[in-house]
Amino acid sequence: MKKNIYLLGATGSIGQQTLDIIKKNPNKFNLVAFSGYNNYTRIIEIATQFKPEMVALKDKTDYSNFKQRFPDIKAVYGREGLNKLASYNKEDKSAYLVNALVGMVGLDPTLSAIKIERDILLANKETLVVGGHLINDLKKLYKFNLYPIDSEHNALWQLLDKKDKNTIKRLIITASGGAFRELNRKELETVNIEDALDHPNWSMGKKITIDSATMMNKGFEIIEACYLFDIDIEKVDTVIHKESIVHSMVEFNDGSYLAHLSKPDMHLPISYALFYPERFCTDIKKIEITDLNSLSFSKMDYQRYPCLNYAIEAFKVGGSMRTVLNAANEIAVSLFLNGKIQFLEIEKIIRTALDSHKKIDNPSLEQIYEIDNLVKSNIEKKYNR
Ligand code: NDP
Ligand code: MG
């Protein structure tokens with residue numbers, strides 16, 4: 001039976017790679033619905049090519065324009081539109097939601113899909129950073145699977161298959177070090193946007209590329225691993241691995257390690273999640289094992305990357321502190337990308353936001369939205385001049 005794909009964030013980097021795989025495997029997948037946001041031109045192209053049943057758009061203007069052009073396609077828009085898309089066709093038993101949105105906007109539609117017991121292929125790590133506790137609560141009420149697309153977690157999913165949790169000493173997720181891995185703190189004061197977007201190994205959306213340069217991405221991934229694999233944060237470690245060939249490792253109590261190796265290409269983890277439980281991937285470049293003579297691993301320098309510490313701290317404090325961490329990071333990265341602040345101001349903004357917040361335990365979805373709005377608007381007022 002074909003898998004029906006409901007794709008959030010089709011116009012982005014993960015979204016495009018997901019579409020590549022769907023297009024190459026028409027006998028396996030069917031794109032039923034997708035969302036886009038600012039990139040209206042691309043939305044039109046995808047709708048023309050894939051002829052889906054439903055499209056979620058940014059706002060009412062785009063919705064009206066789209067309806068004129070495609071009267072036969074159901075259209076929705078805004079936050080509610082994403083929820084409708086995620087839970088569209090409740091009775092579809094072959095449905096998979098691919099969440100490739102960027103930012104905490106991905107949380108609400110994830111919860112909507114869970115409430116109709118739809119399986120989710122998750123790239124959108126911010127969902128777990130801010131709402132991991134809400135997803136855990138729903139695990140007790142609904143039956144669903146959450147399959148990770150993020151390469152390190154996709155690797156861990158493969159490595160941990162059928163392993164007894166009690167035998168695990170620690171999970172190790174690797175970090176390439178991002179665009180500025182060769183620079184010292186002094187040199188970071190003067191880096192520019194183009195340099196920050198020049199990731200040495202991966203081609204990704206802008207926000208995650210900046211998150212990689214600050215190492216916030218690795219902090220998010222540690223939190224993501226704790227929620228996905230229900231493991232204590234003390235048992236999740238990260239090391240610098242410049243080649244991005246080993247994506248994750250598991251150390252067992254008996255001293256054995258298992259590692260997952262592949263070329264750094266997101267088509268691979270996306271394919272693994274889409275085809276699961278089959279293992280199938282078409283034209284990914286393969287590793288030549290005999291070329292792997294110089295894989296390097298070095299200790300993470302936590303002083304060099306304060307954002308990594310902030311993420312760990314926010315997770316340990318818990319509750320709404322994770323919302324603040326994410327909101328401050330989202331707005332700071334966007335201010336940096338718009339040329340409003342320097343690179344090192346990103347971490348300062350996050351530190352200040354964490355310090356000025358009084359934690360709420362177990363925030364609800366609406367409290368998360370309120371805090372997110374408040375943190376973002378306070379920072380924006382101060383810096384967006
Ligand atoms: P992109 O920025 O390339 O794409 C983001 C997608 O989300 C686009 O479709 C965009 O629409 C849409 N979008 C942005 N803002 C909103 C909003 N407010 N409401 C609704 N839709 C919105 O991101 P990536 O594909 O790089 O990343 C997606 C997620 O996957 C992130 O959480 C990232 O951390 C994670 N990830 C990405 C990897 C990668 O290789 N790219 C690797 C591992 C994880 P539009 O473009 O039309 O505005
Ligand atoms: Mg990753």
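Two strands count as paired if DSSP finds at least two bridges between them. The legends below describe close-up views of a predicted model.

**View 1. Strands β8 and β10 are paired in an antiparallel way.** Strand β8 covers residues 168-175 and strand β10 covers residues 246-252. Five bridges join the two. Within this pair, Leu-171 stands opposite Val-250 of β10. In general, the strands of a sheet pair through backbone hydrogen bonds, and they do so either parallel or antiparallel.

**View 2. An open sheet is built from five strands.** The order of the strands is β11-β10-β8-β9-β12, and their pairing is mixed. The edges are β11 (257-261) and β12 (298-299); each has a single partner strand, so one side of each has no neighbour in the sheet.

**View 3. Ligand 1 sits among 24 residues.** Those that come nearest are Thr-11, Ser-13, Tyr-37, Asn-38 and Glu-126. The shell consists of 12 nonpolar, nine polar and three charged residues. Domain 1 (3-144) and domain 2 (153-383) each supply at least three residues to the shell.

**View 4. Oxygen atoms of ligand 1 lie close to polar atoms of Thr-11, Asn-38 and Glu-126.** For Thr-11, a polar side-chain atom is 2.7 Å from an oxygen atom of the ligand. For Asn-38, the atom belongs to the backbone, an N or O, and the distance to a ligand oxygen is 2.8 Å. For Glu-126, a side-chain N or O atom is 2.7 Å from an oxygen atom of ligand 1. Ligand 1 taken alone exposes 900 Å², of which the protein buries 86%.

**View 5. The peptide bond between Tyr-276 and Pro-277 is cis.** Its omega angle is about 10 degrees. Pro-277 is in the loop that runs between α12 (267-275) and β12.

**View 6. Glu-117 has a positive phi angle.** The value is near 60 degrees, and the residue is not a glycine. Glu-117 is in the loop between α5 (107-115) and β6 (119-122).

Notes
Residues are numbered from 1 along each chain as its sequence is written. Chains are lettered from A and ligands numbered from 1 in the order in which they are written. This is a predicted model: local features need pLDDT of at least 70, side-chain atom pairs count only at pLDDT 80 or more; totals for chains, interfaces and linings use all residues. Side-chain values use heavy atoms; hydrogens and water are left out. A residue is near a molecule or strand if one of its heavy atoms lies within 4 Å of it. A polar contact is a pair of N or O atoms within 3.5 Å; within protein, one must be able to donate a hydrogen and the other to accept it, and residues adjacent in sequence count only if both atoms are side-chain atoms. Accessible areas come from the Shrake-Rupley method with a 1.4 Å probe; for residues, only the protein chains shown count as cover. Ala, Val, Leu, Ile, Met, Phe, Trp, Tyr, Cys and Pro count as nonpolar, Asp, Glu, Lys and Arg as charged, and the others, Gly among them, as polar. Domain bounds come from an automatic or database domain assignment. Helices (H or I, at least four residues) and strands (E, at least two) are DSSP runs, numbered from the N terminus.
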